[in-house]
Amino acid sequence: MSYYQPGILATPVPAQARHLFFALESVEALPQAIDNLINQVDGQSAVVGFGESLAKALNVQIDGLRSFPAMTGVGVENPSTQHALWVWLHGVDRGDLLNRCNALEAALAPALRLVEMQEAFRHKDGHDLTGYEDGTENPHDEAALAAALQSAGADGMVGGSFAAIQQWQHDLKGFHKLSSDDKDNIMGRRLSDNEEIDDAPISAHVKRTAQESFAPEAFVVRRSMPWIEGDRAGLMFLAFGFSLDAFEAQLRRMSGLEDGITDGLYRISRPITGGYYWCPPLKDGHLDLRALRIG
């Protein structure tokens, strides 16, 4: 039996998903809401993450958990839209996800109120809407476990994970007006064969985020999925790590805070949300909330 929420590392990413973000409305009603949460989620078809404000409402501190920093870079902005609770629903049918979302929203009320929801989907076996493959450099197998999961700590911490989430909105019309070489140089990979371009500019996304180029190395496990809403579209970026440090180091370099060079990705996309969450492990098939002094 898994000791972590298996939906974190299950591959491929789900065919359909919903990202649900909740605000805390009533501390008094929170114990019943958490009981309902434990009974409704399995860590596989629904991955759960707690924000710093919710931990504080429970009078606990999760080592390593903090709120997403609003980060101003060199001509770029990374906004913070931190919430108390995040749930990532997995599925294959949009109607079923809608019904599950409604049931979860009712189960968590009045303690927690759904304030934001974003649907996402798998595109061409794991590609971004730009056409480029997402997560090519993800670690696998034991390396993925080491990158994504906490391996030590107090009761209820081993098997936990930290999630970093940003919703990026693409300028797809502008992107597709670019030449093939311009597109490839933004990404640092060739669209034709997904191979890295050795002489790509230093601003290329692949070079900005090369996980082994940081000290210490900044490995995370990406589980990103595209989203579409009317004529707006982009990527729900999602990365899991045993801490938030690796993601934050990558974002700082992307934003030009390390050397003044911003990631080429900002030419065709902008983040419009940002949040950090701690995903508890499992125990006996249920969320292990001992680190939150529950159970």
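Predicted model: local features only at pLDDT ≥ 70, side-chain atom pairs only at ≥ 80, totals over all residues.
The largest pocket has about 670 Å³ of space, and the second largest pocket has a volume of about 410 Å³.

**Second largest cavity**
- The lining of the second largest cavity is made up of Val13, Phe121, Arg122, His123, Gly126, His127, Asp128, Asp134, Ser224, Met225, Pro226 and Leu235.
- Sorted by class, these lining residues are five nonpolar, four polar and three charged.

**Largest cavity**
- The largest cavity contains about 60 Å³ of space.
- Phe21, Thr81, His83, Glu116, Ile165, Met236, Thr273, Gly274, Gly275 and Tyr277 form the lining of the largest cavity.
- Four of the residues lining the largest cavity are nonpolar, five are polar and one is charged.

**Largest pocket**
- A total of 31 residues line the largest pocket, and those nearest its centre are Asp134, Gly135, His205, Thr209 and Arg222.
- At least two lining residues of the largest pocket come from each of strand E7 (161–170), helix H7 (205–208), strand E10 (232–241) and helix H8 (245–254).
- Of the contributing elements, H8 gives the most to this lining, with four residues.
- The lining of the largest pocket comprises twelve nonpolar, ten polar and nine charged residues.

**Second largest pocket**
- The second largest pocket has 21 lining residues, of which Thr11, Asn138, His140, Arg222 and Arg223 lie nearest its centre.
- Two or more residues of this lining are given by each of helix H4 (141–148) and strand E8 (221–222).
- H4 provides the largest share of the lining of the second largest pocket, namely three residues.
- By class, the lining of the second largest pocket has eight nonpolar, six polar and seven charged residues.

**Asp288**
- Asp288 is located in the segment that follows strand E14 (286–287).
- Asp288 counts as buried because its relative accessible area is 6%, under the 20% cut-off.
- Beyond its neighbours within four places in sequence, Asp288 makes contact with Gly156, Pro280, Pro281, Leu282 and Lys283.
- Asp288 and Tyr4 stand 284 residues apart along the chain, yet their C-alpha atoms are separated by 9.1 Å.

How values were computed: Residues numbered from 1 in each chain as written. Heavy atoms only, no water. Buried < 20%, exposed > 50% of the residue type's maximum accessible area, 1.4 Å probe, protein only. Contact = heavy atoms within 4.5 Å. 1 Å grid on protein atoms, 1.4 Å probe; cavity = no way out; pocket = protein on both sides within 12 Å on 5 of 7 lines; lining within 4 Å. Points joined across faces, edges and corners; volume = space filled by probe spheres on them. Nonpolar A, V, L, I, M, F, W, Y, C, P; charged D, E, K, R; others polar.
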